[in-house]
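Kindly read them beside the structure.

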Amino acid sequence: MIMKSVQIISTGLSLPSRAVTNDDLAAIEDTNDEWIVKRTGIRERRFTEGEESANSLALRAAERALKKSGIDRKKIGLVIVATLSGDYSTPSVASQLQQALGLDKDIPYFDINAACSGFPYAIETARSFLYANPERPYALVTGVEELSKLLDMTDRSTNILFGDGAGAVVIRLVEGSYASVLGAQSSLAINCMGAKSDSSYIRMDGKEVFRFAVRILPHMINTTLEKAGMTYDQIDWFVCHQANKRIIDHVVRAMKLPGEKFYCNIDRIGNTSGASIPICIAEMEEKGLLHSGEKLLLLGFGSGLTWGSCIVSYR
Ligand code: COA
């Protein structure tokens, strides 16, 4: 059987201009740089300001990815946005990209909310759509979050972790081995209600999430590679959701994996949930770290609790 794998053609990055350091947070609550760096690896994060919003960040990242791809926009067959924090519950962020990007109206536009696993969920969904519709062979997949608006600035156990930003990729299908693992188990360990009340803020049982993360990451890595018939050394980059540097370090140590293959930007960007993986990929491309044919294992985990991984290649 010929497998259809996902290839990244181009990427786009969009970060808010305002950097919020640990010292900025220490000025408004009882925390400090040393505690935050030691427990999370985070030194600063970006928060939107002024006219910036989830939709405007998504638009900028998507526009950059499309421009870099050089493809005819009529060949985009699908637009998906991974997010839990769009400007509105409805309309979706994806539908608001149509006009601004000059894309055809007669293609699907929708958001996926699988929290920090959203980007692998979106890639897997796009893969199925592209497979069924070969006449429009490209998909635009964006991850965006504006989590700063969901933070309780009196809750130091969550507001130090999260940030805002967007990353986007244009993908197509190519021949090659592919595998994905998507899953969920019901839990309120991280939750954020939709009403305009105190409960609209992100709440989290940090210890439970930590335990879940260090259990699910090895499961995803092993199962995805097994399904694809690949081994660790055939993966060039492990692009892990940026939740906490300690989680990544723990898994690297426990599985004896090469740490230098795990791209990390949590020190500068914080945890941007569904946007963290495409932000990493876009930064990696900008820095010239990605080379033709390289294989990336994308690894997401978070609220749900959900998890999602897949193997993609770089053009
Ligand atoms: N600054 C200073 N002290 C803080 C603090 C902060 N920002 N937040 C909590 N503390 C204090 C607590 O009040 C507690 O004090 P006490 O011992 O006097 O009661 C102490 O630090 C330890 O708190 P605890 O919550 O047990 O810390 P922890 O070691 O579990 O670390 C997290 C907290 C959030 C960093 C950690 O649980 C974590 O990273 N979990 C995973 C979170 C995650 O990745 N979420 C996103 C998944 S997508």
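1. Lys-256 lies in the loop between α8 and α9 (266–269); helices (H or I, at least four residues) and strands (E, at least two) are DSSP runs, numbered from the N terminus. Its phi is near 55°, a positive value in a residue other than glycine. Lys-256 is exposed, with a relative accessible area of 75% (exposed means over 50%, buried under 20%, partly exposed in between, with a 1.4 Å probe and protein chains only).

2. The model is predicted: local features need pLDDT of at least 70, side-chain atom pairs count only at pLDDT 80 or more, and totals for chains, interfaces and linings use all residues. Residues are numbered from 1 along each chain as its sequence is written, and side-chain values use heavy atoms, with hydrogens and water left out.

3. Ser-273, in the loop between α9 and α10 (276–286), also has a positive phi, of about 45°, although it is not a glycine. Ser-273 counts as buried, at 2% relative accessibility.

4. Helix α8 (residues 245–255) has Ile-247, Ile-248, Val-251, Val-252 and Met-255 as its buried residues. These cover an arc of only 130° around the axis, which puts them on the same side of α8; the arc is that of the directions from the helix axis to the C-beta atoms. The face turned away from that buried side carries the exposed Arg-253 and Ala-254.

5. Thr-90 to Pro-91 is a cis peptide bond, with omega near 5°. The bond from Gly-304 to Leu-305 is cis, with omega near -5°.
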